[in-house]
Amino acid sequence: MSYLRPLYQRQGPWASVYLDVTRAEENAGHQIDLRWRAARAALEEQGADAATLEALSAAIADSGGLSGRAGLALFAAGGEVVLAEPLPSPPPAEIAEFGPLPHVMPLIAQRGEEVPYVIAEVHRDRADVTGLGVGGVERKRSVQGSETFPIRKVQAGGWSHRRYQQAAEETWKRNAGDVAAAVAELASTVGAEVIVLAGEEHATSYTSSQLPERWRNRVVFVEGNKGEEGLDEAATIAVAEVADRHAREAIDRYQTQRGDGYESTGLADVVTRLQRGQVETVLLVNDASSTDTLWIGLDDPALVAVDQFELRDSGINDPRQVRADAALARAIAGTDADLVLVQADEVPLTHGIGAVLRYRDGQTAAV
């Protein structure tokens, strides 16, 4: 959820727009313009200011680099687009909302969990290493191997065969050591949970063997030189498997706490735990049609309640009523909790929401 935090570091009101920006047809630009006009009219009707609308118009006009079927999620306030997030496909529904908080749940649902990773396309004499951290920040390294010794094994035979075979092996290993150092450095920088190694079999094997153990356990091998598209697909599959594992682990922890008699489930109870900073992970069934609302104070993400009078009793003079999912997203991001979206049949949750707790009642956060 860290990529959303910039949205909560400033006051609204916020304009939230989800737009289909597919450019697969000749008149795609005209179609996008028509969709934006409809969205702009809806925002104006809800009270959006002119400066914010103009900032959104400029951001949409600048999205021409997206190709094929694509979507765009934009969040703007005070005449500035704070976050413009490309979507891998058009949004399930086009949205234009203006309110106290950004409407981020559709973005979270479509984007999925962020799992930082490193991809290395490894050859015997070089490698291209790319790391992607949380928030989509990409970092790249190119590694050029040594040319001091032959980089290809010679054919069998001849008095120098053994010496050259050994020289080639040593060169490969030294080059692999340089690549492994670059991979480990980048993995540490982005906090990688997956390392995809692709390329020549010996080169990837040598590279993996020279990685520190903490990174070696996260390696996924891809056979052959797959090119950029093949590497992206391999990374997508590996990341999806890690995200699925995270979800299963969170559900297992919730079930364990439930069995131990200190579950947190239902909107009111989870909100109370978020107020206390007690929540490690929220499990949520994402219901786009939900009309649930919560009350918030604008100054602190933990100022969230099911009843406005609870906030007024805490000294909040001007509580605001907002979409429940928007308030939950802000509270989760603002209290360093995690969010896992689940299906209704995956785990028993009252009203589609539950929480894995950092500590149980009667303990302290340090326990």
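**Exercise 1. Describe how the axes of helix α1 and helix α2 are placed relative to each other.**

Solution. Helices (H or I, at least four residues) and strands (E, at least two) are DSSP runs, numbered from the N terminus. In this predicted model, local features need pLDDT of at least 70 and side-chain atom pairs count only at pLDDT 80 or more, while totals for chains, interfaces and linings use all residues. Residues are numbered from 1 along each chain as its sequence is written, and side-chain values use heavy atoms, with hydrogens and water left out.

Step 1. Helix α1 covers residues 28-45 and helix α2 residues 50-61; their axes come within 11 Å and cross at roughly 165°. Axes are lines fitted to C-alpha atoms, for helices over the stretch in contact, and angles run from 0 to 180 degrees between N-to-C directions.

Step 2. Angles over 145 degrees count as roughly antiparallel, under 35 as roughly parallel, 65 to 115 as roughly perpendicular and the rest as oblique. Therefore α1 and α2 are roughly antiparallel to each other.

**Exercise 2. Which residues of α1 and α2 meet, and how many belong to each class?**

Solution. Step 1. Contact means heavy atoms within 4.5 Å. From α1, Ile-32, Trp-36, Arg-40, Leu-43 and Glu-44 meet Leu-53, Glu-54, Leu-56, Ser-57 and Ile-60 of α2.

Step 1. Sorted by class, this contact of α1 with α2 holds six nonpolar, one polar and three charged residues. Here Ala, Val, Leu, Ile, Met, Phe, Trp, Tyr, Cys and Pro count as nonpolar, Asp, Glu, Lys and Arg as charged, and the others, Gly among them, as polar.

**Exercise 3. Determine the order of the strands in the open sheet of β12, β13 and β14.**

Solution. Step 1. Two strands pair if DSSP finds at least two bridges between them. Strand β12 (residues 293-296) is joined to β14 (residues 320-323) by four bridges, and the two run antiparallel. In this pairing Thr-293 stands opposite Arg-323, and Ile-296 has Arg-320 as its bridge partner.

Step 1. Two bridges join β12 to β13 (residues 304-305), again antiparallel. On this side, Ile-296 stands opposite Val-304.

Step 2. The edge strands are β13 and β14, since each pairs on one side only.

**Exercise 4. How many helices and strands does the protein have?**

Solution. The secondary structure comes to 10 helices and 16 strands.
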